[in-house]
Amino acid sequence: MYFSSFSYKMFSLCNNILLALLGIVCVLPLIHVFAVSFSGAHAANANLVSFWPVDFATDAYGVVLGNGNFVGALQTTILRTVLGTVVGMSIMLMIAYSLARENEEFKGRKWYVWFFVFTMLFHGGLVPGYIVVQKLGLINSVWALILPNCVNVFNLILLLNFFRTSVPKALEESAYLDGAGHFKTLVFVYLPISMPAIATISLFTIVYHWNAWFDGLLFMSDVQNYPLSTLLQTIVVQLDLSKLTLDPEEYQRLSDRTLKAAQICITVTPILVVYPFLQRYFVKGIVLGSVKE
């Protein structure tokens, strides 16, 4: 009855208008960056671009995509994201499945859970972490960007709670009666049921690996091994265009604003493309497993 009242309808209308305005405010800066990336150098330098390209040009994209350092950074980021997501999700799925056992099935389970929680509260430190990576011979290797943060404990706890509260125990027992072991039970029982949670955590992992920049700055001494976000940070934040190794003629012909905007657009576009396909799982994956009926 309350949901059909006039006051509720007015509240819902005002709420939707407010959220729409907030959404527009969030999107406008991105539209501006896209407009600058497709604008001419003189218009960009004169700050004449608002939300539509002025003197439409694609020279900035041609230079950026033809630059060896940028293309190498893009390849490193794609490799890091794919390997990091596959390796991280595989390990977290196996850990979550093991910790989802009852205490009678897995002796000492609670100590392992507290071991992972402890790592959320206390970190080994930047210098010890660097020394470990160096001693393992991973400096300037893509594995230095993957292995140190392979298991995200927050994502692991989300997956663990989902397994413990949303996977029917009867299905697991039926699989055991049919002769399935732990691995087959995980693959053929847990994974199909847990697709919303897996898609949500995969999205978290993909976004993390795609956007991470500090570890690339820390573990990569050669600019050719930089991931995309690290290269972008040195160019946009540190204002170091030398990382692009442009010719003097290109410096004169192009604007640093269009070059930076083009790199930002290329960097954010893959996430904007991937997110809509996983977005329908996002809320469902977080909410499911939070309440046990």
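Residues are numbered from 1 along each chain as its sequence is written, and side-chain values use heavy atoms, with hydrogens and water left out. Because the model is predicted, local features need pLDDT of at least 70 and side-chain atom pairs count only at pLDDT 80 or more, whereas totals for chains, interfaces and linings use all residues.

**Helices H4 and H9**

Begin by selecting residues 68–99, helix H4, together with residues 182–193, helix H9; helices here are DSSP runs of H or I with at least four residues, numbered from the N terminus. The two pack at an angle of about 100 degrees with their axes 11 Å apart, the axes being lines fitted to C-alpha atoms over the stretch in contact and the angles running from 0 to 180 degrees between N-to-C directions. H4 and H9 are therefore roughly perpendicular to each other, a term that covers angles of 65 to 115 degrees.

Now show the side chains where they meet: Leu-93, Met-94 and Tyr-97 from H4 come against His-182, Thr-185, Leu-186, Tyr-190 and Leu-191 from H9, contact meaning heavy atoms within 4.5 Å. The residues of this contact divide into six nonpolar, two polar and no charged, where Ala, Val, Leu, Ile, Met, Phe, Trp, Tyr, Cys and Pro count as nonpolar, Asp, Glu, Lys and Arg as charged, and the others, Gly among them, as polar.

**Aromatic pairs**

A search of the whole structure finds eight aromatic pairs, that is, rings of Phe, Tyr and Trp (its six-membered ring) with centres within 6.5 Å, stacked if the planes are under 30 degrees apart, edge-to-face if over 60, and tilted for the rest. Select Phe-38 and Phe-56, a stacked pair at 5.5 Å centre to centre with 5 degrees between the planes. This pair links distant parts of the chain, 18 residues apart, with Phe-38 in the loop between helix H1 (6–37) and helix H2 (41–45) and Phe-56 in the loop between H2 and helix H3 (59–65).

Colouring by relative accessible area (buried under 20%, exposed over 50%, partly exposed in between, with a 1.4 Å probe and protein chains only) shows Phe-38 as partly exposed at 25% and Phe-56 as exposed at 58%.

**Two buried residues**

Select Thr-205, found in helix H10 (residues 195–211), which counts as buried at 7% relative accessibility. Leaving aside residues up to four places away in sequence, Thr-205 touches Gly-84, Thr-85, Met-89, Met-92 and Asn-155.

Move on to Asp-215 in helix H11 (residues 214–219), which at 9% relative accessibility counts as buried. With residues up to four places away in sequence again not counted, the contacts of Asp-215 are Arg-80, Leu-145, Asn-149, Tyr-208 and Met-220.

**Ile-139**

Finish at Ile-139, in the loop between helix H6 (126–135) and helix H7 (153–166), where this residue is partly exposed with a relative accessible area of 25%. Draw a C-alpha to C-alpha distance from Ile-139 to Leu-218: they are 9.0 Å apart in space and 79 residues apart in sequence.

Technical notes:
Angles under 35 degrees count as roughly parallel, over 145 as roughly antiparallel, 65 to 115 as roughly perpendicular and the rest as oblique.
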